[in-house]
Amino acid sequence: MASGDIVPIELGLTDGDLVTLWAPRWRDGDDEWEAFLGHEDQLYGFDSPAELAAFIRTNDDNDLVDHPSWKIVAGLSAAELEPQEEHVFDLIGVPELAAGDPEPEIIAELEETLDMVRTIGEVCELEVVIKFFGNHPVLGALPAGVTAFVGREGEQLWDQVGSAIAKDWDQVIDAIDSVVTSPDVDAEALAVAEAEVLAAEQNVVDAEDAVDSDEDDDIEPVDLDDDSDETDAEDDDEDETFWHEVGIDPVKVVTSEGEFFTLRCYLDDEPVFLGKGGSITVFTSERALARYLADDHEHDLAQVSTYAEVQTAAVDGSLEVEVTEENIYVLPGLADDLAQGPRAVDVDQLDLAVELFTDAADYLGDDSVERALAKSTPLGWYVSYLLEPDPARMAPSPPFAAEGEGWRALEQAFENRLQKE
């Protein structure tokens, strides 16, 4: 990836393999954007990373110049603009993929390529491409992976995917070809960029030669009695013992208003948060949470038998509030992603958010989350499709605006339950 926000990609099209830049969705204030290197209704593509480098160094009239990372990307060497393997999309090869067997690698490549095609269609407002996905909801089975295409029904589903692509793919390619153009590049800038590529290739060769020549010298004896791995494992165990032993977890929640910290545990599989009176008490930092725990307060977590150990550690200053990855919940953006469609949703983020909303509702004695996410409701059916893939189920069809608003309501209701200290 060229930077954290702009990615060099390769597109296999009718005129060959072209290199361009793609900026995945980013936020600018309240607005959300996604773009490719291009201008107005044109998408720019180049025969090589050197041409791409020469162009972006000398052009300031394109759709990416206002991106926060544009100056970083424009300053990269030509070699750094070589697309990574996961960002190479062979659009011409899609029919061949769909005609093969539904093996995991083929399904994954097909899904990734179609995702990029859908993105191009939406960003460039290509009606033919947008209608292609709208007319063939069977393509929504691809994210479920190989399990969706097992057995007789799975084989039929795979055949339907192939038939959809065989029928309309030529029109999709024609639509994308029609907006792709290769602008002229400055000759001097191109010469500099090509020299950078050659130098990078030579450095790789020199490095490989050096490794080969020094390989024997780099061999070090192995101490079979070395117990450092065992010691490291013991140290890791010691680092995790306190919160694991008390059975209480620090939790981090990222909301539209910022980051907040609290505690949660499970008693007989029932969630209990740091809170009382129908609200969950949260803090803007780990330090603020630790200070609160050092004092006496009335809250539901104080009833937990091991909470006294937490308070003792907070009082003597030894308490470290460290949140593990599985206890970090990021809420912003999910409603918009759900409204956009299944392919836009980070399923792991959604799964964690459902866990958080459900735990909070159970703790507060509120059944609104259970009712909203019941499979009999549009939102519940949509969420269950994403979290519980079933090869027998077809992908939900757009529009998803109502589902997005339904999720936003759940998110707002949860945030209203947070008591900020």
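I take buried to mean under 20% relative accessible area, exposed over 50%, and partly exposed in between, with a 1.4 Å probe and protein chains only. Helices (H or I, at least four residues) and strands (E, at least two) are DSSP runs, numbered from the N terminus.

**Entry 1: the model.** I note that this is a predicted model, in which local features need pLDDT of at least 70 and side-chain atom pairs count only at pLDDT 80 or more, while totals for chains, interfaces and linings use all residues. Residues are numbered from 1 along each chain as its sequence is written, and side-chain values use heavy atoms, with hydrogens and water left out.

**Entry 2: overview.** I found 15 helices and 14 strands. Of the 421 residues, 42% count as buried. I then looked at contacts (heavy atoms within 4.5 Å). Among those between residues at least 6 apart in sequence, 65% join residues at least 24 apart.

**Entry 3: helix α10.** In α10 (residues 307-316), I listed Tyr 307, Val 310, Gln 311, Ala 313 and Ala 314 as buried. These buried residues line one face of the helix, because they fall within an arc of 160 degrees seen down the axis. The arc is taken from the directions from the helix axis to the C-beta atoms. Val 315 and Asp 316, on the other side of α10, are exposed. Gly 317 follows α10 and has a positive phi, near 85 degrees.

**Entry 4: helix α5.** I looked up the buried residues of α5 (residues 127-135) and found Val 129, Phe 132 and Phe 133. They lie on the same side of α5, because their arc around the axis is only 85 degrees. The exposed residues Glu 127 and Asn 135 are on the face turned away from the buried side. The buried residues of α5 pack against α4 (104-123) and α6 (151-179).

**Entry 5: strand β1.** Seven of the seven residues of β1 (residues 7-13) are buried. Val 7, Ile 9, Leu 11 and Leu 13 point one way, and Pro 8, Glu 10 and Gly 12 point the other way. In a regular strand the side chains alternate between the two faces of the sheet. Strands pair if DSSP finds at least two bridges between them; β1 pairs with β6 (residues 88-90) in the parallel sense over three bridges. Asp 90 in β6 is the bridge partner of Gly 12.

**Entry 6: Ser 182.** I located Ser 182 in the loop between β7 (180-181) and α7 (187-214). Ser 182 counts as partly exposed because its relative accessibility is 41%. Leaving aside neighbours within four places in sequence, Ser 182 is in contact with Leu 18 and Gly 45. A polar atom of the Ser 182 side chain lies 2.7 Å from the backbone oxygen of Gly 45. I also noted that the C-alpha atoms of Ser 182 and Gly 38 are separated by 9.7 Å, although these residues are 144 apart along the chain.

**Entry 7: Thr 281.** Is Thr 281 buried or exposed? Thr 281 is buried, because its relative accessible area is 6%. I placed Thr 281 in strand β12 (residues 279-282). Leaving aside neighbours within four places in sequence, its contacts are Phe 261, Thr 262, Leu 274, Gly 275, Gln 419 and Glu 421.

Terms used
A polar contact is a pair of N or O atoms within 3.5 Å; within protein, one must be able to donate a hydrogen and the other to accept it, and residues adjacent in sequence count only if both atoms are side-chain atoms.
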